[in-house]
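User: I should like to learn how to read the features of a structural model. Please take each feature in turn, with the general idea and then the case at hand.

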Amino acid sequence: MEDPNIEKEPTCNQCHGLDLEEWEQEENWIVDHPDQPFPGPRAPYDKDKLKRCGRCRLVYYCSPECQRSDYKDHKEDCIQVHNTRQEYIRLRDELTHAPGFFGDMQNFFETSVGHFWGSMEPRDYCRARAWYARAIHNFAHRTELYSSWQKALDHYMDLMRLSSSDNQGLRDVAPFVMIQMARYDDAYNFIKFWWVGPQHDEQVVAPSKEGDWLYLTGQNKMEDLLAIPTGGESVQSLAHVMALLLMKLRIVAHYHELKRKYECFVKDNKKGAADDTGVRLVSDQLAMAHIHDHVTAPYTEKDIKEQNQQIDKLLFRAHKDNKYMLPALINPGPMWDMGPPEYSSWGGPEEAYLVMENCVRQFGRTPHARKRILAFLASPEAERARRGARH
């Protein structure tokens, strides 16, 4: 299930390929339908004619006029991304020619992969790169550009490669970026790696290069992760519980979307069958069978029943772990008013805030997610979860 709001292809950050009248129509649409993509036509771009912003390197413009018109809105993001990038590059260059123990020079990117946080020298670099990644992340959240989500994720993943213990907690952010990009298999493989007990192989991490995938592969995202035995080093964070819940809700939503499309096709086919020619009828029957295969192949009724059961378990687990989390998804206003926390503790509102800021929009865009959460919060199971909450 892909988010239709994500811009997969680059467009002008100002006009988006629309003339003035179409641009005004889109602006009005966004005001009235903030969670739905603009349905109007967009002129195809010649990618070679789009020019990238030279400072932030994230957005594109079709003309100098569009870039000047957009600068007032783009300025803050542009400067933030540029400044954090400059600091990250400065510290990166220092680590490639750092003084060694014996007066020689060492390159931490060759000698300390997997252990950056274990030495004092690379920590400022890790912090600066994380701030740069977060600046790109925040920009992607506002512009919904796929390429920006990809860049943010690339930095998060490489930081976890350089410091395989993930002392910065980036493992709680990365799955939501993957889900935003509809990379559900990667998100599940990543979560399961931490969930069952991280065991980074030194012989795999040390020679790895930027972009290498160091986590599980080929896992079944339909399985019940809560029922799988875990190791002593497992990490089962609230963020991962919520990411699993989001994926399961979207699997069920996707199934019902496909089923609805198939039923509409069948209805329309029967309605026009009486007037169709034999050739047309055969063609429609083949198309119907093709659509039916798309409905039945990914999921069965049994699969969806099991996914709904897992959703109930994940709702219970989330509410047990943090009583503020699910209510914050229904009404995030009070949590936003609290502002970014300076610290976080298990089960507290600060923990819920840090998770909510990465996923509240995605839950809002998932069909029937709000309804499921409200139904759970009104059920006796919610009270039972609160009574068993961790302290």
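**Pocket, cavities and cysteines**

Analyst: The largest pocket holds about 1400 Å³ of space. The model is predicted, so local features need pLDDT of at least 70 and side-chain atom pairs count only at pLDDT 80 or more, while totals for chains, interfaces and linings use all residues. Residues are numbered from 1 along each chain as its sequence is written, and side-chain values use heavy atoms, with hydrogens and water left out.

User: What is a pocket, and which residues lie nearest the centre of the largest pocket?

Analyst: On a 1 Å grid over the protein atoms alone, a pocket is an open set of points with protein on both sides within 12 Å along at least five of seven lines; a cavity is a set where a 1.4 Å probe fits but cannot get out, and lining residues have an atom within 4 Å of a point. Grid points are joined across faces, edges and corners, and a volume is the space filled by probe spheres set on the points. Here 42 residues line the largest pocket, and Arg134, Val173, Leu354, Glu357 and Asn358 lie nearest its centre.

User: Which helix gives the most to the lining of the largest pocket?

Analyst: Helices (H or I, at least four residues) and strands (E, at least two) are DSSP runs, numbered from the N terminus. The protein chain has 16 helices and 4 strands. With 9 residues, α4 gives the most to the lining of the largest pocket; α2 (64-96), α4 (123-143), α9 (238-273) and α14 (349-364) each supply at least two. By class, this lining has 19 nonpolar, 12 polar and 11 charged residues. Nonpolar covers Ala, Val, Leu, Ile, Met, Phe, Trp, Tyr, Cys and Pro; charged covers Asp, Glu, Lys and Arg; the others, Gly among them, are polar.

User: How many cavities of 30 Å³ or more are there?

Analyst: The count comes to 3 cavities of 30 Å³ or more. The largest cavity has a volume of about 80 Å³, and its lining includes His137, His141, Trp149, Glu357 and Asn358. The largest share of that lining, 6 residues, comes from α14. The second largest cavity has a volume of about 50 Å³; Tyr188, Glu223 and Lys248 are among the residues that line it. To the lining of this second cavity, α11 gives the most, with 3 residues.

User: How many disulfides does a search of the whole structure find?

Analyst: A disulfide is a covalent bond between the sulfur atoms of two cysteines; the criterion is a pair of cysteine sulfur atoms within 2.5 Å. The search of the whole structure finds 0 disulfides. For Cys56, the nearest cysteine sulfur is that of Cys53, 3.8 Å away; for Cys78, the nearest is also that of Cys53, at 3.6 Å.

User: Is Cys56 buried or exposed?

Analyst: Buried means under 20% relative accessible area, exposed over 50%, and partly exposed in between (1.4 Å probe, protein chains only). Cys56 counts as buried because its relative accessibility is 1%. Cys78 is buried too, at 2%. Buried residues make up 43% of the 391 residues in the protein chain.

User: Over which residues does pLDDT stay under 50?

Analyst: pLDDT is the predictor's confidence in each residue, from 0 to 100. Where pLDDT is low, the predicted coordinates should not be read in detail. The protein chain has a mean pLDDT of 85, and 81% of its residues reach 70 or more. Over residues 277-283 pLDDT stays under 50, and the model has 2 contacts (heavy atoms within 4.5 Å) beyond four places in sequence for them.
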